[in-house]
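Here is a friendly walk through one protein model, taken a few residues at a time. Keep the sequence and the 3D view open as you read.

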Amino acid sequence: DQVWTATSATASDFQAGGTNTPAFLAFSGNLQAQTVSDATTTKIDFETEQYDTDSAFASNTTFTVPSGKAGKYQFTANVSWYHDVGAFSRAFIMLYKNGSEFMRFERRGTDIYLGGYSQQSLNFTVDDDASAGDYYEVYGYFDSITGTYTFSDSKLANFFKGFKLIT
């Protein structure tokens, strides 16, 4: 084992190699709220890209692992929704991989909210071993007891991001 002292170690002795790319961050940012049909799985639209190092995030919804960039990735998403007077029995956000549900994150419903407006959110962070060509998307689902549901229109509320981990 190497013993480091204040006089023998330099900054380069503690630096990791590599970069965390590809990387992307996309959000709902054009103030176009996305309506949600009751008890229907809905692909979430993230129409504004903050960054996309390898041009791998496309069609406002999908990240595809570029050729030659297989490895372990970390994905994070936050989805926020609001509703008028009403309640829901359950809400999910889901990470899809290659067109199929990969992970599901759930919130059980609450009592009826009588204040006229309520906003709630779900989020996740997931690591996955990805091959070139694998693609990832975020979906939402709401099972309404009463009321109307809409995905939030704020970039601070809805985002999807990911990057390749240095391993």
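Leu25 counts as buried because its relative accessibility is 18%, and buried here means under 20% relative accessible area, exposed over 50% and partly exposed in between (1.4 Å probe, protein chains only). This is a predicted model, in which local features need pLDDT of at least 70, side-chain atom pairs count only at pLDDT 80 or more, and totals for chains, interfaces and linings use all residues. Residues are numbered from 1 along each chain as its sequence is written, and side-chain values use heavy atoms, leaving out hydrogens and water.

Leu25 sits in strand β1; strands (E, at least two residues) are DSSP runs, numbered from the N terminus. Not counting residues up to four places away in sequence, Leu25 touches Thr48, Glu49, Gln50, Tyr51, Phe159, Phe160 and Lys161, where contact means heavy atoms within 4.5 Å. The C-alpha atoms of Leu25 and Phe163 are 9.0 Å apart, though 138 residues separate the two along the chain.

## Who pairs with β1?

Which strand does β1 join through five bridges? That's β13 (residues 159-164), and the two run antiparallel; strands pair if DSSP finds at least two bridges between them. Phe27 stands opposite Phe159 in β13. β1 also pairs with β4 (residues 48-52), again in the antiparallel sense, over four bridges. There, Phe24 has Asp52 as its bridge partner.

In a regular strand the side chains alternate between the two faces of the sheet. In β1, both faces are covered: Ala23, Leu25 and Phe27 are buried on one side, Phe24 and Ala26 on the other.

## The nonpolar cores

The largest nonpolar core has 26 residues, and Phe63, Phe75, Leu95, Tyr136, Val138 and Phe160 touch the most other members. A core like this is a set of buried Ala, Val, Leu, Ile, Met, Phe, Trp, Tyr and Cys residues joined through side-chain atoms within 4.5 Å. β1 (23-27), β7 (71-83), β8 (87-97), β10 (118-130) and β11 (135-146) each supply at least two residues of this core, and β7 gives the most, with five. Apart from this core lies another, of five residues, among them Phe92, Met94, Tyr96 and Tyr139.

Take a look at Phe75 too: leaving aside neighbours within four places in sequence, its contacts include Phe24, Phe63, Leu95, Tyr136 and Phe160.

## Charged partners

Side chains of opposite charge can pair when their charged atoms come close. The structure holds seven salt bridges, each a side-chain nitrogen of Lys or Arg within 4 Å of a carboxyl oxygen of Asp or Glu. Asp128 forms one with Lys97, the closest N and O atoms being 2.8 Å apart. That pair links distant parts of the chain, with Asp128 in β10 and Lys97 in β8, 31 residues apart.

Lys97 also forms a salt bridge with Asp134, at 3.7 Å between the closest N and O atoms. Lys97 lies in β8 and Asp134 in the loop between β10 and β11, so this pair ties together parts that are 37 residues apart in sequence.

Is Asp128 buried or exposed? Asp128 counts as buried because its relative accessibility is 9%. Lys97 and Asp134 are buried as well. Glu101 and Arg104 form another salt bridge, with the closest N and O atoms 3.0 Å apart; Glu101 is partly exposed at 37%, and Arg104 is partly exposed at 40%.
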